[in-house]
Each structure stands twice: as structure tokens, then as C-alpha cells.
Amino acid sequence: MSTRSRQDTARPSIADHLAREIFSGRYQPGDFVPKEVDLAERFAINRSAVRSDLRQLVDVGIIERISGHGSKVREYDAWNILDPLVTDWMTRYAAPNPEIQREILAFRLDVEPYVGMTAARRANARDLVAIEEAFEGMEREMHRSGQDAKRLHSDYDIAFHVAIFRATHNIVWAQLSHILRPSIHMLIEMSNESATDPEASLERHRDLMEAIRARRPAAAFRAAQAVLAGTADALGIAPGDAILGSQLDLPPTPA
């Protein structure tokens, strides 16, 4: 490897540094991040390298360059949240930021009840096996102790939700679950760490699995809402009022 290549590899990433500051909430939408000259001096790199890194944040909609003023953080709805670079930053840096947690949770509350309802209509035998295996992994790891068990429990929890997305047999939902996996992982890992009643959480997941297996779309819709309400409670986040389907006239769930 050439000396220049080693230097490029070793130099600090201004994009990564600013992503950490923005996603953690130090810089809020509307705030200006440090100027190019200040970043170049602080990290001992030239301004063209700083400009190149800032371009990464511009390209994914996180900041905008304002001539004569600098770079300003854009509103959350302008961020390209499905870009792999953004989801990676979100997973690594957004945990301390309640606003981003709330945005992700609001999206899941809007979407996943419909995904559960669709899975209850379309899941095949292979889908049901994948959902059940993920649930059994959650159950098994929940009753073990140690940090590794917590990690595996969260991994199975994510697999459970991804399997439900795939069980819709809709290519958009299936691809979306893959793209959203890092952000879903962040919420699941945090809620599993802070849950006060993990057994109740497991039972909510069981109810969702059973509703899908029994081909009961309305019950699956409500069970998915209950799972996410538990996540909101564990994170201490109010889910909000504008939830799709909150006024949906679903048939009653049979006793």
C-alpha cells in the first residue's frame, strides 16, 4: 500500500465524527455544524478532505451547504433514512437521541400492524417455521443469563420481525425489512435492556405469532400494536396520536 493510501485510510473521518454528533443530538435540525476551516484545523487535515466528507452528509440529506454561512443540519424528514450509510450511523450513534427513537417507533407503529395483518393472510408453511424458530430462540435466550444471552435474545427478536415482513410475500415489504434492520435493531436492543417485564413482552410476541399462524388478520393487527406499545413503554416514549389504523374499523377478535 502506498504512503498516500495509508494516510487516506488513517485520517479521521469528518463525516463519521459529525454523524455521531448529529445523531446523538448534540447538533439539532437548524443548527450549524463547525465551519470547514475549524474542522480542518481541529483534525489536522486539509480543507479539500473536509469538504469531501461534508459532501457525504449533503448527499444523504443530513446537512445543507448555505453559501457564506456554512453547513446546517436539515430537518429529519429530509434525511435519506433508507440509505445504508445513514442506517449504519443511526445504529451506532442514535441511541441517546429520543427524537430519532420516537420517529423510528412512530414509523413502526404505522406500518407493522398492517404487515402483521398481511402476513396472517399470506404466510406459508416455511414462513411460519421461520417465525416460530425466531420466537423459540427469543424464549430460550430470555431464560439464560449473561450478556451473550441478551445479545442473542435481541438477534432472535429482530429475526422474528424480519420473518413477519417476509411473510407478506410483497417484495417491497421484504426489501424494506432488510433496509430497516439496523434501526429496528436499535429499538429492540434498547427496549430489551430496559424492559421491566420481559415475560409479558414475550407473551405479546407469542400472541402475534399465534394470530398469524391461525390466519386471523384482525388479531394480528392488534397483536402487532400491542408488541410496539410494549416497546414504547420500555423506552419511555409516548407513541403519539397520529397512528395509521387507530380509527380502523376492524372486526372484533373472536374469544
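Here is a short tour of the nonpolar cores and salt bridges in this predicted model.

Start in the middle of things: select Ile22, Phe23, Ile62, Ile63, Trp79, Trp89 and Ile100. Within the largest nonpolar core, which has 38 residues, these are the ones touching the most other members. The top contributor is α2, with six residues.

Next, zoom in on isoleucine 100. Leaving aside neighbours within four places in sequence, it is in contact with Phe23, Tyr76, Trp79, Met90 and Ala94.

There is another core to visit, apart from the largest one. It has 26 residues, and you can find it by selecting some of them, including Ala123, Ala163, Ala219 and Ala220.

Time for charges: the structure holds 14 salt bridges. Pick glutamate 36 and arginine 65, whose closest N and O atoms are 2.4 Å apart. This pair links distant parts of the chain, with glutamate 36 in helix α3 and arginine 65 in strand β1 (residues 63–66), 29 residues apart. Is glutamate 36 buried or exposed? It counts as buried, because its relative accessibility is 9%. Arginine 65, at 36%, counts as partly exposed.

For a last stop, go to helix α10 (residues 198–213), where arginine 213 and glutamate 210 sit three residues apart, about one turn of the helix. Their side chains meet in a salt bridge (2.3 Å, N to O).

Conventions. Residues numbered from 1 in each chain as written. Predicted model: local features only at pLDDT ≥ 70, side-chain atom pairs only at ≥ 80, totals over all residues. Heavy atoms only, no water. Core = buried A, V, L, I, M, F, W, Y, C linked by side-chain atoms within 4.5 Å. Buried < 20%, exposed > 50% of the residue type's maximum accessible area, 1.4 Å probe, protein only. Helix = DSSP H or I, 4+ residues; strand = E, 2+ residues; numbered from the N terminus. Contact = heavy atoms within 4.5 Å. Salt bridge = Lys/Arg side-chain N within 4 Å of Asp/Glu carboxyl O.
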